[in-house]
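Here are a few friendly notes to read alongside the structure.

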Amino acid sequence: MYAVQIEVVGTCNLRCPSCAVGNAEGGRRSGSIGGTMPLNRLRQTLDWVDGWIERDPAEVMVCLYSWGEPFIHTALPDLIAEVKRRGYVAGISSNLNHVRNLDAVLQAGVDEIVVSLSGFSQPIYEEGHAGGDIETVKRNMAALSEAIDRTGSAARVLVHYITYRHNAGADEFSAMAAYCEELRFEFVPSLAFFAPVEKLVEMASGRVFPNDAPILSRLVVPVEEQLRIAAAAPAGGSCSLIEERIDIDVDGALKLCCSSYDRQFNVAPAFDGLAVEEVNQRRRESALCESCGSRGIDRIFTRADYAEWCARANPVFEALEVPVRCVGPHLIAHDRPTESMLLALVNDALIGGRLAEAKASFSELERRLESKYGPRGTSIESVADYVRGGGRKFGREIPIDPLGLFCAAGLVAHMHDGDTPRARVIFETLRDMADRLVGAGIYGRTARAMQPQIAQSCAALAEPPPAEAASPGNASAPAPSPSFLRRAARRLRAALTS
């Protein structure tokens, strides 16, 4: 999904040490000029975007944030409504220490709200979110959940838990995961990294920033390792931060990219009269872009090396004796796994050919979903009827990822249970469901990514199953042929990666 990132508030109420707002040399003066973007300027900005964007608006996400806090803007609902009037997907990201007009924001049609946090208790949280109060955040999270129910909004709330060494324990990571599950928000943890790119370029050249030492020491994968991994990757290739997104500052200036903070690297003071091709060419020719790309630093911000980060993170988590582990690209709280975590465990077992383990994890997931959603939690027929009727409340009335869930159900039915007819019904139903969900806001990108894999599974299941496939209900029967298993695993891996 192409991203248009527009800074509508040029300041933030927190000073997070791994964020440029909190760690920039010279403070906020080197970054955005402050203030808020008037509605008229947003309209002018979107007029410019409308003039060159060639994609379906449903495949373009307008993010009303960059380094600032959007809830500071008193007219945020009007800004969201303007984005939605043009057919774009609308998203905001907030630390949720300050909120206003929650009902109006939701009624304006916001599609995605990302909540950034880094702990469940105040002493831990304030290490990563300096100046914030986690109890205020938790109250605002509860208020947001209630407002979603009250307004009937279909907005998805993703709680981005920035994971460090000091906040990966059961009382922090797992507790916040459980709280998000209670509120029916999607808990999305990830390994922390450091910004902005200007500082990483200097770190790669050997410069030390003493003031940043405390937060750098808390990274699960040290910044030196992140830089070494990135530098070892093959050079060349395009950067998705330029090719798949554009960033516009609060005053209409065109930024180099989302990872750059210092205004001296902006590529134009305004977009007036500029073609997007010229803007992108200026970005590619920037000295900072060359310094970043030649060292592979863009890979840190695009998460291109995240799989290797995860491999290096697990020994750290083991040494810390915390319940968190990386399973593929997912961080899992093994003591209190969420709905998404359980699905990740099922998929990992399927990819690894551990069919009995996949079945056991899927059975646990089904129990969780039935308790959470009732019949719509485990019945593809019920979910399909809901989708055909226009229902789109993922994570509140139906599972967070219904296509991923029932794709796994189909593979378990075929690969473990040997019930090919049931698997065939599941995938044919999934094909229709994916076709209906391609325009479903944020989830539309998941539907578009999974359509090819679902079609391939339908085609594969139309063929005679391997003779040695397990019989229904017989987990000890021979597994499907290795070639069939590899094909199914590859299809699933491709879907998960997309």
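**Notes on charged pairs and a helix contact**

1. Glutamate 244 and arginine 55 form a salt bridge, with their closest N and O atoms 3.3 Å apart; the term means a side-chain nitrogen of Lys or Arg within 4 Å of a carboxyl oxygen of Asp or Glu. The two lie 189 residues apart and link distant parts of the chain: glutamate 244 is in the loop between α11 (240-243) and β7 (245-248), and arginine 55 is in the loop between α2 and β2 (60-63). Helices (H or I, at least four residues) and strands (E, at least two) are DSSP runs, numbered from the N terminus.

2. A word on what you are looking at: this is a predicted model, in which local features need pLDDT of at least 70 and side-chain atom pairs count only at pLDDT 80 or more, while totals for chains, interfaces and linings use all residues. Residues are numbered from 1 along each chain as its sequence is written, and side-chain values use heavy atoms, with hydrogens and water left out.

3. Arginine 368 pairs with glutamate 181 in a salt bridge whose closest N and O atoms are 3.1 Å apart. Arginine 368 is partly exposed at 26%, whereas glutamate 181 counts as buried at 14%.

4. Salt bridges with shared partners also join Arg43, Asp47, Asp50, Glu82, Arg85 and Arg86 into one network. Within it, arginine 86 and aspartate 47 form a salt bridge, the closest N and O atoms being 2.9 Å apart. Arginine 86 is buried at 15% relative accessibility, and aspartate 47 is partly exposed at 46%.

5. Now for the helices: the axes of α10 (residues 223-232) and α15 (residues 306-320) come within 11 Å and cross at roughly 140 degrees. Axes are lines fitted to C-alpha atoms, for helices over the stretch in contact, and angles run from 0 to 180 degrees between N-to-C directions. Contact (heavy atoms within 4.5 Å) is made by Glu225, Gln226 and Ile229 of α10 and Glu308, Trp309 and Arg312 of α15.

How values were computed:
Buried means under 20% relative accessible area, exposed over 50%, partly exposed in between (1.4 Å probe, protein chains only).
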